[in-house]
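I opened this entry to see how the parts of the structure meet. My notes follow in the order I looked things up.

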Amino acid sequence: MTRTTPTRCDLLIIGAGPAGMAAALAAAGSGMRIAVVDDNPAPGGQIWRDGPGVQLPPLARQHRRALARHTNIEILCGTRVVGLGERASTGDAASLILENATRGWTQHASRLILCTGARELLLPFPGWTLPGVTGAGGLQALIKAGLNVRDQRIVVAGTGPLLLAAASTARKAGAQVLRVAEMASWGALAAFAAQLVRWPAKAWQAPTLLHPGLRANAHVLEALGSTQVKAVRLQRGNTVEQLACERIACGFGLVPNTHLGQMLGCILGERSGLQVDALMQTTVPGIYAAGECTGFGGSERALVQGAIAGHAAAGESAAAQALQHPLARWNAFADALHRHFPLRAEALAALPRPDTFVCRCEDVAHGALQARSSWIDAKLHTRCGMGACQGRICGAAAQVLYGWAPQPARHLLSPARIATLADAGSEPTHESVPRI
Amino acid sequence: MKNTAAMVEVQVGAARVLVRVPAGSSVAAALAQQPPGCTRLSVSGQWRAPLCGMGVCHECRVLINGRERLACQTVCEDGMHITTSSAQPAGTT
């Protein structure tokens, strides 16, 4: 049977992680026609990523079942936003060009909620382009999606609570996690742990994540190997440790995904996230934001923010206001996260050698970038940030390494097929597009 | 009824390998069955493999049934044809 996806909806939600799911469910009672777009194969975002390597938590299953029950919510997975389309009417908050595996179209919406999440901060060090080096959350996502790591030796490194979560996922999948190298000090870790009693749900999770290989004041120096990872060198206090391993999972925290919001004209607020008010409205009328794209703070905060945004976008401001208390509680948790896992930029900036690639798409080395004065200067002279990822990885790295302010994204947001742009350009004469 | 496995064909240059994965596995997971699971050659000729695992870095782009897609964001389907970016073996070391 061929179903059709209308190219117009009342509420368009970008991202089906906890924030996007909560937003859709909160708005569903209003009867709005809701479309939720997500580029992952299934709803859940990263924390609730489904796959053969994961047993979804009950809360995730509840949310997915609830979404499926609402006939006015359409979930479009495997679909990404590639750019801004032509607005069909002045009442549209946004018109976005979408693309899935088979086609592209322009989606018009009266209201828009951005739940675009966050990506990992991945920083260059010698050997980081070798197969076997992944992000920490990256390894977790790959394992959930079926990557077999049984009996592999893995070293997890970087900073933030995600390291322990990644180590736990790898260990449950049968890997031998040799070391978790956390850049923060024991003092910072202890202070963070001591605060967890304020959020019992988090405190309860913590002991299950503790890993005997955890070392504080430790960071990655180099991945060794010629065509794949064979070993890692770690700095531990004043000593250097070398461990033979098959994989290095290295992440330095999260970067809010704000490119789409910025392209739509939304202003950034605190912690490099999209600026929102108490009702999750961005600085652009009709556009709301919720979850990690407003500055990372965990899934509990994302669920509350999403619900507030959903109610607010549906015009139910009393219901949105009623959630301010739990929001304040989880905002405080976000504050604690940011306080106890600060980046030690000076140590990280010393990691790449002159020949270490910083831009992995265009293979631009650290030595070529040190001579440049700004992000734009680097793009013009070296092609840094002009490859397939559009600077998502190296742009965030360049901010840490060179202090270059990130620039708002430009069209297109991601690589797209010519046919998508042709199809999108033919809107709005098409009432609907067929969906397989 | 949900299948418990999918069989996909991974083509690396002239060599074709049939790979069996649990249902719902990503193409990245299928490629990793030939360690280290390379996906593409970089512009300066380095082999690369999935990095971010969540559709951001594009290191895992491969041809799937003739179309460029991300291995980490694509679920294996029975009979899928996956081609990595060069004539060299995906499991080359």
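I began with the contact between the chains, keeping in mind that this is a predicted model. Chain A puts 33 residues into the contact, and chain B puts in 36 residues. Next I asked which elements of chain A supply at least two residues each to the side that touches chain B. They are strand E8 (118-120), helix H3 (136-144) and helix H14 (392-402). H3(A) gives the largest share of that side, with four residues. I then sorted the side of chain A that touches chain B by class: 14 residues are nonpolar, 12 are polar and seven are charged.

I turned to the domains of chain A. The assignment lists domain 1 (3-119 + 255-336), domain 2 (124-251) and domain 3 (343-427). I looked up the centres of domain 2 and domain 3 of chain A, taken over C-alpha atoms, and they are 25 Å apart. Domain 2 of chain A brings eight residues to their contact, and domain 3 of chain A brings 12 residues. On the domain 2 side I noted five nonpolar residues, three polar and no charged.

Last, I checked helix H1 of chain A, residues 18-28. Is it buried or exposed? I found 11 of its 11 residues buried, so the helix is largely enclosed by the rest of the structure. Among the buried residues are Pro18(A), Gly20(A), Met21(A) and Leu25(A). What do the buried residues of H1(A) pack against? I noted strands E2 (8-14), E3 (34-37), E4 (73-76) and E7 (104-114) of chain A, along with helices H2 (58-69) and H8 (299-313) of chain A.

Terms used: Residues are numbered from 1 along each chain as its sequence is written. Chains are lettered from A and ligands numbered from 1 in the order in which they are written. This is a predicted model: local features need pLDDT of at least 70, side-chain atom pairs count only at pLDDT 80 or more; totals for chains, interfaces and linings use all residues. A residue is buried if 20 or more other C-beta atoms lie within 10 Å of its own, exposed if 12 or fewer, and partly exposed in between; C-beta atoms are placed from the backbone. Two residues are in contact if their C-beta atoms, placed from the backbone, lie within 7 Å. Domain bounds come from an automatic or database domain assignment. Ala, Val, Leu, Ile, Met, Phe, Trp, Tyr, Cys and Pro count as nonpolar, Asp, Glu, Lys and Arg as charged, and the others, Gly among them, as polar.
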